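Hi,

Here is the structure we talked about. Please load it before you read on.

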2 protein chains.
Amino acid sequence: MATSLHAHVVEHLGSRIVNGQIPRGSIILAAELEAKLQVSRSVIREAVRVLAQCGLVTSTKRVGIRVLGPEEWNPYDTQVIRWRLASEQRGAQLRSLTELRISVEPMAAELAAEFAPEAMRKELLLISAQMNHYGRQGDLRRFLELDIRFHCLVLAASGNEMFANLATPIAAILRGRTELGLMPERPHEEALAWHQSVAESISHLDALGARRNMESIMRRTHNEICSLWDGAPRVFVDPNTKK
Amino acid sequence: MATSLHAHVVEHLGSRIVNGQIPRGSIILAAELEAKLQVSRSVIREAVRVLAQCGLVTSTKRVGIRVLGPEEWNPYDTQVIRWRLASEQRGAQLRSLTELRISVEPMAAELAAEFAPEAMRKELLLISAQMNHYGRQGDLRRFLELDIRFHCLVLAASGNEMFANLATPIAAILRGRTELGLMPERPHEEALAWHQSVAESISHLDALGARRNMESIMRRTHNEICSLWDGAPRVFVDPNTKK
DNA sequence: TGACACCAATCTGTGCAGGCATAAAAATAA
DNA sequence: TTATTTTTATGCCTGCACAGATTGGTGTCA
């Protein structure tokens with residue numbers, strides 16, 4: 001048993017709700033769970049509290065534990081993202097995250113050029129140099145890890161904690177992209193050059209240049225992976241009716 | 001007692017941790033809480049689970065409940081945002097959210113122009129017309145509510161659930177701005193025109209126009225409220241050392 | 001003497017079982 | 001329809017046993 005009991009219950013219920021095995025509107029009784037999962041009430045209750053925090057369920061007296069629909073799920077919760085990536089909503093989740101990346105990273109580069117501490121600027125230069133090296137060599141494994149470090153570092157160097165916090169899901173996207181074989185055999189020269197230009201612009205406090213070059217990276221990234229989700233339907237929730 | 005017991009404990013501890021009354025690294029014992037807050041273990045434990053989910057604490061055997069630092073807090077959790085807005089980090093929180101808005105809303109407008117359902121396009125036109133009306137009249141209360149509906153609807157019309165989910169904190173920003181008297185007596189003509197242009201561009205499926213006009217709104221918005229946080233220090237967390 | 005590995009005591013969260021209180025849905029009566 | 005009672009599942013409390021991490025002591029060896 002790797003982790004705690006209640007974490008298992010969270011995982012069990014959360015993954016099933018997100019992938020649709022337990023549809024929206026279902027009513028679960030704590031007593032049923034107690035019997036089915038062979039755990040005590042306290043474990044169930046703590047798990048339900050956590051799931052309620054992610055917006056997956058609500059628990060009300062006399063009715064039980066009601067499963068909520070996707071509009072209520074917290075799309076920034078790391079567990080919810082993980083579960084969605086492992087479900088049929090994988091495409092929609094990748095699209096949302098990528099669109100968010102495309103929006104945020106150019107701004108992050110701009111802010112990094114303005115505010116990043118010296119050490120981070122230097123590290124970005126170093127990483128981009130290594131990306132050039134291993135990229136030209138065709139060492140995709142090393143390149144991937146450097147790519148992840150690069151983008152996460154730009155996000156952190158923006159000094160915006162909301163940006164920095166996107167590091168984990170963005171790393172997941174980048175890993176997924178190479179695992180799925182969506183990367184070319186060796187990175188394009190342009191892409192290498194853009195990464196280096198971003199690092200140099202940030203080093204030279206050139207906010208506009210940093211933004212422009214990051215935008216170029218984002219455009220190419222988008223083109224490379226948007227095929228993953230052409231099927232996935234978009235979800236429109238009218239904010240008036242929601243609450 | 002308005003809400004549930006454990007929600008009170010979450011509120012009590014969460015607000016105190018975020019505003020610094022309980023500093024990073026503090027060790028809290030469940031038994032102490034039980035005595036101090038006069039609630040039972042089960043309540044404490046469920047509250048701690050929720051707080052752990054937000055990244056405010058970790059709970060380990062033999063040591064107790066350890067309070068974590070701001071790098072660990074989930075900056076997208078609505079409660080964390082609320083607590084931060086009510087604390088001395090208010091400026092930093094406003095800045096983060098505004099930078100995120102500036103990044104996201106132009107893209108949201110672009111996507112809305114491409115994908116929004118007809119009903120939402122029409123409603124945007126309606127709202128922008130009403131904004132013109134009440135704006136010119138100087139009815140700031142009505143204007144504020146329309147402004148909120150407008151921006152939240154654009155986010156929803158993007159069909160990106162991560163964008164749509166930013167509605168609540170963005171509404172909080174907009175409300176805060178007028179409550180603090182940062183709005184001019186009556187909205188600028190330019191701002192009214194830009195909102196209308198966004199709505200029209202989206203109606204005409206003009207993605208680029210929607211983006212450009214929304215960018216104009218964002219630029220002005222930023223200039224109007226960036227004075228709120230010139231003091232607040234940026235936080236840079238090296239992603240390598242974090243974990 | 002001092003460094004290091006090993007073991008036992010202790011402390012605190014984790015999980016279990018069962019009890020009563022309470023709120024809200026459903027059934028019943030007016 | 002409206003008001004009242006009944007039903008029932010969660011909310012909350014408590015006592016107990018267990019697991020695992022820290023701490024300190026013990027013994028061995030250099």
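Below are notes on the DNA contacts and the salt bridges.

This is a predicted model: local features need pLDDT of at least 70, side-chain atom pairs need pLDDT 80 or more, and totals for chains, interfaces and linings use all residues. Residues are numbered from 1 along each chain as written, chains are lettered from A and ligands numbered from 1 in written order, and side-chain values use heavy atoms, without hydrogens or water.

DNA strand C first. It has 21 residues around it, and A:L5, A:S40, A:R41, B:R45 and B:R49 come nearest (near: a heavy atom within 4 Å). By class, the surface has six nonpolar, seven polar and eight charged residues. A side-chain N or O atom of A:S40 sits 2.6 Å from a phosphate oxygen. For B:A30, a backbone N or O atom is 3.1 Å from a phosphate oxygen. A:K61 reaches a base oxygen instead, at 3.4 Å from a side-chain N or O atom.

Now the salt bridges (a Lys or Arg side-chain nitrogen within 4 Å of an Asp or Glu carboxyl oxygen). A:R101 pairs with A:E105 at 2.6 Å; both are buried (under 20% relative accessible area; exposed is over 50%, partly exposed in between; 1.4 Å probe, protein chains only). A:E224 and A:R177 pair at 3.1 Å. They are 47 residues apart, in helices α11 and α9 of chain A. A:E224 is buried at 18%, and A:R177 at 8%. A:E110, A:R211, A:R212 and A:E215 form a salt-bridge network.

Best wishes

How values were computed:
A polar contact is a pair of N or O atoms within 3.5 Å; within protein, one must be able to donate a hydrogen and the other to accept it, and residues adjacent in sequence count only if both atoms are side-chain atoms. Ala, Val, Leu, Ile, Met, Phe, Trp, Tyr, Cys and Pro count as nonpolar, Asp, Glu, Lys and Arg as charged, and the others, Gly among them, as polar. Helices (H or I, at least four residues) and strands (E, at least two) are DSSP runs, numbered from the N terminus.
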